[in-house]
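Thanks for passing this one along.

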Amino acid sequence: MTAGKMNLKNPSHDATSSPYLARNLWSGFLLGLGLVAFIDEAVFHQLLHWHHFYDKSTTSIGLVSDGLFHAFSWFATVGSLFMLADLRRRNALRLTRWRGGVLLGAGIFQLYDGTIQHKLMRLHQIRYNVNLLPYDLTWNIIAIGMMIAGAILIIRARNDLQPPRETHSHEHQ
Amino acid sequence: MNINNYVHHSTGTHIDYANGILAQLLLALPFFLLLVVYIFAAFISNRRHKHWPIHRTIFWALGVLCAIAAVIGPLANRAHMDFTAHMMGHLLLGMLAPLLMALAAPMTLVLRTLNVTLARRLSNVLKSWPIRILGHPVVASCLNVGGLWLLYTTDLYAMMQRNVLLHILVHIHVFLAGYVFTVSMIYIDPMPHKSSFVCRAVVLTVALAGHSILSKYIYAHPPHGVSTEQAEMGGMLMYYGGDVIDAVLIFMLCFQWFKATRPRASVGMEQYSKVSNYNQG
C-alpha cells in the first residue's frame, strides 16, 4: 500500500523504484510461507495422517502459535497472489527476486515449524511410532537448503539490477 | 420437522417440547420476515431505480435459508444432543449466513427504497458514534470471537441447553456478531467509517487465529455436557469449516485492496464510476 501511495506522489517513478522491489520480495516470501503451510496441512495432516490435529503434550503457547500461523498462512497465500497480480499489472515483476522470496519464506517457516513448533512447543511430531531423528533431520535440512537457495537468488537479483525489460525474459537477470 | 428424536431426548434437564418449538419459531420468524421484506423492497425500488441485481437477491435468500436451517427443523433438533450438529448450526448461523447476507448489500437496498427524508435519517444513524464503535474491526471481532470463547469455555453452553431465553439470546448474538464482523471486514454496503486495509488484515488474521485456537481448545477440553468424541468431531468441524468461510472473507478483502490500489491512471475513473453508480442506484 505504501508503494501505491509513493507512486501517486511521484508519478515519474518507474518499476525500478524500491517500493516495488520490496513488494516483489514480500509477495514471494508470503507465498512461500503459505505454500509450506498448505503442503503441511494437505499432505502431512490429510493425506498421510502423519501429523495429528492435536497432541496431548501440546503446550498452550504451541496452540496459540499454531492458530496464529494457521490464520496468517491463509492470509499470506491469498494476499501474496494478489500482490503478484498487482506487480504484473504495474509491469514491475522481477521473477528472480520473487522466486528468491518464495524459497526464503518457505525455508524460514519450515525451519520454525520443524524446530520451535514441533520440538519446543510440542504441537505434534512429524510422525508417530517411528524413530523421529531421520524425519527431523530431513525436514530441517530441506528447510535450511531452501533458505540458502532463496538468499542466493535474492543476492544475485540485487547484483544485476537492471531496468525492467518490456518482454518477459526475466530469466536472464 | 423431525421432532420425534428431540422429544425422546428432551426428558430431564433439557428444554421441554413446547418451549423448544416456541424458541425455534421465535428464532426463525425474524429471518422469514427479513426475506419477505428484502424481496418486497427490491420489487418496490425497481419501479424508481434501475433493476436491483438478481444475484444480490439470491445471496440474501441463500443466507436466510442457512440461518433458518440452523435455528429450526432437524438440524436445530439434533443440536440439542449432538455437539457436531450444534457446530454445523453455528457455522451456518454465525458465519455462512452473515457472509451471504452481507454480499446481498441490504443497507444499499433499504436506502434506495426509503424516501429521501427517511433514508437521510437512517444514514445519520449509521454515521453515529455507537455504530462507529460497534462497526470497528477490533470491537466487532471481540464481540464475535470473544462471545464464542465465553460460550464454549464457561458453563454458558450447558446453561443454554436448559434455559429457553438464554438459548434464544445466544443464537441472536451469534448471528448479529457474525454479521457485524463480516461487514466490518468487507465493504459491500456503503460504510461511513472505513478502516484501512492493513488494519482490517491484521485484525482479521488475529480473529481467525482466535477461532482456530478455540476449535483446538474445544477438541482437547470438551464443554460441560459434551462427550470427548463429540467435542473432537465438533472441534475439527469448527476448524476446517471455519477455514473455508474465512478463505472467502480473505479473498474478498484482498480483492477490494487490489481494486482500490489500481495504478493511478484508472483510479480517478473508478471513483468517478463509483460515484455515478451511487447516484443512479
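My notes follow as numbered points.

1. Ground rules. This is a predicted model, with local features needing pLDDT of at least 70 and side-chain atom pairs counted only at pLDDT 80 or more, while totals for chains, interfaces and linings use all residues. Residues are numbered from 1 along each chain as its sequence is written, and chains are lettered from A and ligands numbered from 1 in the order in which they are written.

2. The chain contact. Chain A puts in 23 residues and chain B 24 residues, where residues are in contact if their C-beta atoms, placed from the backbone, lie within 7 Å. On the chain A side, α1 (2-9) and α3 (60-89) each supply at least two residues; helices here are DSSP runs (H or I, at least four residues; strands are E, at least two), numbered from the N terminus. The biggest giver on that side is α3(A), with 15 residues. By type, the side of chain A that touches chain B has 15 nonpolar, five polar and three charged residues.

3. How do α3(A) and α13(B) cross? The axes of α3(A) and α13(B) (residues 228-260) come within 9 Å and cross at roughly 25 degrees; axes are lines fitted to C-alpha atoms, for helices over the stretch in contact, with angles from 0 to 180 degrees between N-to-C directions. That makes α3(A) roughly parallel to α13(B), since angles under 35 degrees count as roughly parallel (over 145 is roughly antiparallel, 65 to 115 roughly perpendicular, the rest oblique). The crossing is right-handed, that is, the near helix is turned clockwise from the far one by less than a right angle.

4. Who meets whom. Residues of α3(A), including A:Trp74, A:Phe75 and A:Phe82, meet residues of α13(B), among them B:Ile250, B:Phe251 and B:Trp257.

5. Chain B overall. Chain B has 14 helices and zero strands. Of its 281 residues, 39% are buried, buried meaning 20 or more other C-beta atoms within 10 Å of the residue's own (12 or fewer is exposed, in between is partly exposed; C-beta atoms are placed from the backbone). Among contacts in chain B with a separation of 6 or more, 76% join residues 24 or more positions apart.

6. The core. The largest nonpolar core has 105 residues, and B:Leu92, B:Leu96 and B:Leu100 are among those with the most contacts inside it. A core here is a set of buried Ala, Val, Leu, Ile, Met, Phe, Trp, Tyr and Cys residues joined through C-beta atoms within 7 Å. Its largest share, 15 residues, comes from α5 (residues 83-103) of chain B. Leaving aside neighbours within four places in sequence, B:Leu92 contacts B:Cys66, B:Ala67, B:Ala69, B:Ala70 and B:Ala97.

7. A:Asn91 has a positive phi of about 60 degrees without being a glycine. A:Asn91 sits in the loop between α3 and α4 (95-120) of chain A and is partly exposed, with 14 other C-beta atoms within 10 Å. B:Ala105, also not a glycine, has a positive phi near 50 degrees. B:Ala105 lies in the loop between α5 and α6 (106-113) of chain B and counts as buried because it has 20 C-beta neighbours inside 10 Å.

Note on methods:
Two residues are in contact if their C-beta atoms, placed from the backbone, lie within 7 Å. Ala, Val, Leu, Ile, Met, Phe, Trp, Tyr, Cys and Pro count as nonpolar, Asp, Glu, Lys and Arg as charged, and the others, Gly among them, as polar.
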